[in-house]
Amino acid sequence: MSFESAMRAIIVPEDPVEFAKSFFLEAAKKAIEEHGSFSVALSGGSTPKALYGKLKECKDSLDWSKVKLFFSDERTVPPTDQDSNYHMAITSGFEALPIPKNQIFRMKGESDPAKGAKEYEELIKKEIPEERFDLILLGMGDDGHTASLFPGTKALDETSRLVVENEVPQKNTVRITFTFPLLKKAKNIMFLATGEGKREMISKVFKDINDTYPSGRVRCDHSKVLWVLDKASAADLQTN
């Protein structure tokens with residue numbers, strides 16, 4: 001099942017994680033064929049974690065030496081911390097894949113998130129032509145946040161910086177995050193949002209016309225933003 005709008009392509013496959021794996025691999029193959037490498041920014045969350053577990057089974061499906069891994073946001077914790085998005089992605093699947101270590105770029109926010117954000121922005125400018133990722137993976141929180149763009153936070157109003165530190169009072173912490181100006185440059189953006197717990201917010205985001213929720217504000221200049229849902233999270237879309 002699929003839905004279309006001016007900004008989004010919404011698909012509800014039988015197996016969302018398997019679909020996401022195929023989309024990831026096809027986007028990577030196309031990018032490598034076109035310009036010799038594949039730049040992808042990863043997200044945290046339970047559904048992306050399942051995707052990373054699927055990808056580790058695909059050692060022979062892609063030239064992983066041409067892949068560059070980035071991260072769309074990070075907590076201000078060391079890379080060995082269980083709460084680190086980097087740690088989750090690496091241990092869930094990417095450590096099993098033959099990606100050169102110097103092509104895995106983590107956000108360094110454990111000591112000084114402002115410095116870490118600036119360094120990551122400069123890294124993107126150096127490594128990513130036109131700051132245009134081939135693929136950015138995103139998830140959505142129950143409050144409608146994505147990356148570390150939380151409702152009511154300062155980073156939502158950023159108009160020029162690509163990566164910023166973002167104070168998140170509702171979590172009593174500071175995060176490093178991609179901004180809307182960087183997200184909109186991507187060639188492809190894929191959201192993964194599954195489970196009954198996402199159902200209410202999915203309905204709110206897709207019906208909202210005022211950009212109330214950060215996830216709903218994500219735009220992509222080069223393609224429609226792809227949302228991959230399951231039957232539970234999309235249930236209200238099927239009945240309304």
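This is a predicted model: local features need pLDDT of at least 70, side-chain atom pairs count only at pLDDT 80 or more; totals for chains, interfaces and linings use all residues.

**The largest pocket and its surroundings**

Sorted by class, the lining of the largest pocket holds six nonpolar, 12 polar and six charged residues, where Ala, Val, Leu, Ile, Met, Phe, Trp, Tyr, Cys and Pro count as nonpolar, Asp, Glu, Lys and Arg as charged, and the others, Gly among them, as polar. Residues are numbered from 1 along each chain as its sequence is written, and side-chain values use heavy atoms, with hydrogens and water left out.

The largest pocket has a volume of about 460 Å³. A pocket here is found on a 1 Å grid over the protein atoms alone, as an open set of points where a 1.4 Å probe fits, with protein on both sides within 12 Å along at least five of seven lines, and lining residues have an atom within 4 Å of a point. Grid points are joined across faces, edges and corners, and the volume is the space filled by probe spheres set on the points. Of the 24 residues that line the largest pocket, Gly-44, Gly-45, Ser-46, Arg-75 and His-145 are the closest to its centre. Which element gives the largest share of this lining? Helix H2 does, with three residues, and H2, strand S5 (73-75) and H3 each supply at least two. Helices (H or I, at least four residues) and strands (E, at least two) are DSSP runs, numbered from the N terminus.

Let me stay with two of those elements. The axes of helix H2 (residues 46-55) and helix H3 (residues 85-92) come within 8 Å and cross at roughly 35°; axes are lines fitted to C-alpha atoms, for helices over the stretch in contact, and angles run from 0 to 180 degrees between N-to-C directions. Lys-49, Tyr-52 and Gly-53 of H2 meet Met-88, Ala-89 and Ser-92 of H3, contact meaning heavy atoms within 4.5 Å. By class, this contact has three nonpolar, two polar and one charged residues.

Now to the sheet that contains S5. Its three strands form an open sheet in the order S5-S8-S7, with antiparallel pairing, and two strands pair if DSSP finds at least two bridges between them. S5 and S7 are the edge strands, each pairing on one side only, and neighbouring strands are turned by 25° against each other on average, direction ignored. Helix H4 packs on the sheet, touching S7 and S8, and its direction makes about 150° with that of S7. S5 and S8 pair over three bridges, and Glu-74 has Ile-176 of S8 as its bridge partner. Six bridges join S7 (residues 163-168) to S8 (residues 173-178), with Val-168 partnered by Thr-173. In this hairpin, which has four residues between the strands, Asn-172 takes a positive phi near 55°.

Finally, please look at strand S4 (residues 67-71). Five of its five residues are buried, so S4 is largely enclosed by the rest of the structure. Val-67, Leu-69 and Phe-71 point one way from S4, and Lys-68 and Phe-70 the other way. Strand S3 (residues 38-42) runs parallel to S4 and is joined to it by five bridges, in which Ala-41 has Phe-70 as its partner.

Lys-101, in the loop between H3 and H4 (113-127), has its C-alpha atom 9.5 Å from that of Leu-69, 32 residues apart along the chain. Arg-106 also lies in the loop between H3 and H4 and, leaving aside its neighbours within four places in sequence, is in contact with Phe-71, Pro-79, Tyr-86 and Tyr-120.

Terms used
Buried means under 20% relative accessible area, exposed over 50%, partly exposed in between (1.4 Å probe, protein chains only).
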